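Please look over the sequence and the structure below before reading the notes that follow. The briefing is grouped by topic.

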Amino acid sequence: MKQRLDKILSGTGLVTRSGAKDALKAGRVKINGIPARDGAAKVDPDTDTITLDGQPISAGRVVLLLNKPEGYVTSTQDPRDRTVMELIPGQYRNRVSPVGRLDKMTEGLLLFTDDGDLLHRLISPKKQVPKVYYARHEGQAGEDDVEAFASGLTLADGTVCLPAVLRPLGAGESLITVCEGKYHQVRRMMASRRMTVTYLERRQEGKLTLGNLPRGECRLLTEEECRELLEDL
C-alpha cells in the first residue's frame, strides 16, 4: 500500500517530521536509487527501496539478521567488551534488540528486532523454534551420544534439556539442533558427553539461514522472510 514518503520516514523513528523534510531537501533520501525531495510523493514500502544516507529503511517492523563474529558479547552495552550493537547500522542501533543471545566466542546467525511480540515468541521455549549449530569438538560423537541427546540430557547442575538432535559429521565435527536457549547450552550438552567444543557457529534459526552473508555483516529481512518466520510461531 502506497504512503506519503515523509510519513514513512518519520514513522521509522529515525527522523522527526521536520527532520524528514530537511533530509529530503538535502538529498539524503533515495527511492530505488533516485534522489527524492517531495515528501508528499506516494511510495510503496513493500516494493520500493527507500534509503536514508545510503542505508535501507523499513516502514514497519524491523528484523535484522547478523552473521556474528567471535569476540562480541550479545548485549546492548558492556563496560569491558565490544557488543553486537556495534555491528548494527547506526539508524537501527537505538531501535532494535537482540533476539536471544550467542556467547562471546560463538559465531553465526543472530536476529534483532523492534517487534517485542515477535522477539518473545522467538525466544519462548513453548514455541520450540529449532536452532541449528555447527560444532568442532574433541572426540567423535557416537550412536550412544545421539540417543542421549534425543532422550533429553540432564546436565551436571541438574538442568534438564529438551530432546535435541545430534548429527555426527565425522571425527570432531557435529551438527546440533536444539529448540531452547539455555545458558551456554550446546557447549554444556556436548561437554556432558565428554566432547569439549572448540568452535561453535549457529547456522539456522527456524527456516532462516546465513546464506552468503559475510561474517560481521547484517541485512534486513524481506517481508516474505518475516512471513515465513511467523508461520512457525
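**Helix 2 and what surrounds it**

In helix 2 (residues 17-25), the residues that count as buried are Ala20, Ala23 and Leu24. Viewed down the helix axis, these buried residues fall within an arc of 100°, so they line one face of helix 2. The model is a predicted one, and the points below should be read with that in mind.

- On the other side of helix 2, the exposed residues are Ser18, Lys21 and Lys25.
- An α-helix has 3.6 residues a turn, so residues three or four places apart point the same way.
- The cover over the buried residues of helix 2 includes helix 1 (5-11), strand 2 (29-31) and strand 5.
- Just after helix 2 comes Gly27, which takes a positive phi of about 75°.

- Four strands, in the order 3-2-5-6, make up an open sheet in which the pairing is antiparallel.
- Strand 3 (34-35) and strand 6 stand at the edges of this sheet and have a single partner strand each, so one side of each is left without a neighbour in the sheet.
- Within the sheet, strand 2 and strand 5 are paired in the antiparallel sense over three bridges, and Lys30 stands opposite Thr51 in strand 5.
- Gly54 is placed in the loop between strand 5 (50-52) and strand 6 (55-56), and because its relative accessibility is 57%, Gly54 counts as exposed.
- Although Gly54 and Asn32 are 22 residues apart in sequence, their C-alpha atoms are 11 Å apart in space.

**Nonpolar cores**

- In soluble globular proteins, nonpolar side chains tend to be buried together.
- The largest nonpolar core here has 46 residues, of which Leu5, Leu9, Ile50 and Phe112 touch the most other members.
- Apart from that core lies another, made up of 16 residues, among them Leu111, Leu208, Leu210 and Leu229.
- If neighbours within four places in sequence are left aside, Leu9 is in contact with Leu14, Val15, Ala20, Leu24, Val29, Ile50 and Ile57; among these contacts, Ala20 and Leu24 are also buried residues of helix 2.

**Strand 10 and its two partners**

- Of the seven residues of strand 10 (residues 131-137), six are buried, so strand 10 is largely enclosed by the rest of the structure.
- Strand 10 pairs with strand 12 (residues 173-178) in the antiparallel sense, over six bridges, and also runs antiparallel to strand 13 (residues 197-205), to which seven bridges join it.
- Val132 illustrates both pairings, for it stands opposite Thr177 in strand 12, while its bridge partner in strand 13 is Gln204.

**Cysteines**

- A disulfide is a covalent bond between the sulfur atoms of two cysteines.
- With a cut-off of 2.5 Å between cysteine sulfur atoms, the count of disulfides in this model comes to zero.
- Cys161 is in no disulfide, and the nearest cysteine sulfur to it, that of Cys179, is 12 Å away.
- Seen from the other residue, the sulfur of Cys179 has its closest cysteine sulfur in Cys161, and the 12 Å between them is too far for a bond.
- Cys161 has a relative accessible area of 5%, and because the limit for a buried residue is under 20%, Cys161 is counted as buried.

Key:
Residues numbered from 1 in each chain as written. Predicted model: local features only at pLDDT ≥ 70, side-chain atom pairs only at ≥ 80, totals over all residues. Heavy atoms only, no water. Buried < 20%, exposed > 50% of the residue type's maximum accessible area, 1.4 Å probe, protein only. Helix = DSSP H or I, 4+ residues; strand = E, 2+ residues; numbered from the N terminus. Pairing = 2+ DSSP bridges. Core = buried A, V, L, I, M, F, W, Y, C linked by side-chain atoms within 4.5 Å. Contact = heavy atoms within 4.5 Å. Arc of directions from axis to C-beta.
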